[in-house]
Amino acid sequence: MFQIRIHGRGGQGVVTATEMLSVAAFEEGRHAQAFPSFGSERTGAPVVAFCRIDDKEIRLREPIMEPDALIIQDPTLLHQIDVFAGLKPDGYVLLNTHHTFETIGLGDFVKERDHKRLCTLPATQLGLKHVGRPIPNVPLIAGFAALSDMIQLESVIKAINEKFSGKVAEGNIAAATEAYALVKEQMKEHSHA
Amino acid sequence: MLKQTEGSKAVAEAIALCRPEVICAYPISPQTHIVEALGEMVKAGELTPCEFINVESEFAAMSVAIGSSAAGARSYTATASQGLLFMVEAVYNAAGLGLPIVMTVANRAIGAPINIWNDHSDSLSQRDSGWMQLFAETNQEAVDLHIQAFRLAEELSMPIMVCMDGFILTHAFERVDIPSQEQVDAYLPPFEPRQVLDPAEPISIGAMVGPEAFMEVKYLAHAKQMQALERIPQLADEFKQIFGRDSGGLIRTYHIEDAETVVIAMGSVLGTIKDVVDEMRAEGHKIGVLGIISFRPFPLELVRAALIKSRRFIVLEKSLAVGMGGIVATNVRMAVSGTGLKGFTAIAGLGGRAIPKSSLHKLFRQAEKEELEPVTFVDLDWDAVNKQLEREKQTRRSGPIAENILHDKGIVSAKFG
């Protein structure tokens, strides 16, 4: 079983992101379970949501305390809560920022980890560019697909088309496609480094 | 059709397939998404003939459902927590009048302290209301139980609550097979009421009944639930023939054949329990699971038969009978009275506290060794409790308990887990 935890703030589409991830995994014939942390749902408040992916039925209902992957939708959360709590030693981290891990003060953290599993992505900018709104969730799940190879970009696009239609769907697909390419590019650089 | 969808959305689709004619709705978390989705379907003309009635309170929701059901319309509503409590007088009336209303309860804690998260306190508070109560383990089962519920309710002319864990199921996206309209139509015939308010043939429903007949009317409600004990397994069998899957029934067992220790629970936590049991079995522990699907009627004989070969049982329940212990556990103990089986009660997950596998591993191992107190409070923070008790000993004006505990824990706003 592969377990993903997404941290963000109310209004950033955190819950929708896990739901779409689960739909993308389902499109590939896998079992998936997405659920929110059910906190006070206020704009700007820290929000956590979870997604499990497996090849067999998922029965477990506990929150994800030891994730295989973390997606952090808002870097300002790093100062507020321990987003890395329980992350497996070889876990993936995808962080929404146009800076590097080092320049936002995570240099020591990334030193101890496998660089091929860490990535930053300017997801808010991608949302603004393609959808006209600073919502980073869709670029991040596409970026996660590229980082982890857990799901295909095509499945993310299917999930987008299930959730949105018309111009919004088109914009999100463009954002997802660029995010996927950006992360793949970064991964290539890491593997050459 | 197999789809990846939200529990609430799946239930709304199942309700629509059951061709309800009146849906009364008053929003309350975590039930809201269900009636929202149904409201959209009615407005879009996808669900006809059906009247969607926005009411001013839960009391009105149940009162309208009583009226529409008495007029011969298949009637549905949904609620949770304080909403269920607010409609209680009408809840008892619906059962007392023998009206086959189906209601989803998206199980949620009862205040005070106010809490929107899941436990089973709300529907269990209505255990003696005369409503049947079926508990879903997964969103698939929630879908299936609603279809079975309309059939059972209308056959017996008695109301049913289909209980699903608030948030944990209602807000979870998972794989659900939504049946076809043909399948549901083949299983669920049109509503043929036993009593109808019809201006062409006037009758009254809801007579005042004195001591000369009250007990008989009440006994008949009990008799109906005893009939349901027979019908629920039969309806699950018929369901399997049409829909091709096991869903519903009175109880469900898991690795119980050679189990020395049996864990008993209701609802979605059964999934987590089964994972823990698999892990313990792999280490050689003889442990099994008994899931109770039908809490009302309570299947005393089946529960007894399922436990009789074991040595001990532990009831893990998301409810607390204050001043007593467990609610489900009390029912289970009634089922095994005279057997000499050792029983333990574990209260867990109140107000949405997570029930992690790690806690269950510890708890079940203690149960195996019979090292537990009769009633255990799983993952209770004894430091916080003792600090408050000490405060009350030291000071008369010790202040509000909830605020004190939050302050001691350094919590400024509620969080999950």
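**Exercise 1: a pair of strands**

Find the residue of β3(B) that stands opposite Val22(B).

Solution. Start at Val22(B): the residue facing Val22(B) is Glu51(B) in β3(B). Next, widen the view: β2 (residues 22-25) of chain B pairs with β3(B) in the parallel sense over 4 bridges. Strands pair if DSSP finds at least two bridges between them; helices (H or I, at least four residues) and strands (E, at least two) are DSSP runs, numbered from the N terminus.

A word on the model: it is predicted, so local features need pLDDT of at least 70 and side-chain atom pairs count only at pLDDT 80 or more, while totals for chains, interfaces and linings use all residues. Residues are numbered from 1 along each chain as its sequence is written, and chains are lettered from A and ligands numbered from 1 in the order in which they are written.

**Exercise 2: the sheet**

Trace the order of the 7 strands in the open sheet of chain B.

Solution. The order is β3-β2-β4-β5-β7-β6-β12, with mixed pairing. At the edges are β3 (51-54) and β12 (294-296) of chain B, each pairing on one side only.

**Exercise 3: two helices**

Work out which residues of α1(B) and α7(B) meet.

Solution. First, take α1(B): Gly7(B), Ala10(B), Val11(B), Ala14(B) and Ile15(B) are its contact residues. Then take α7(B), which contributes Asn139(B), Ala142(B), Val143(B), His146(B) and Ile147(B). Contact means C-beta atoms, placed from the backbone, within 7 Å.
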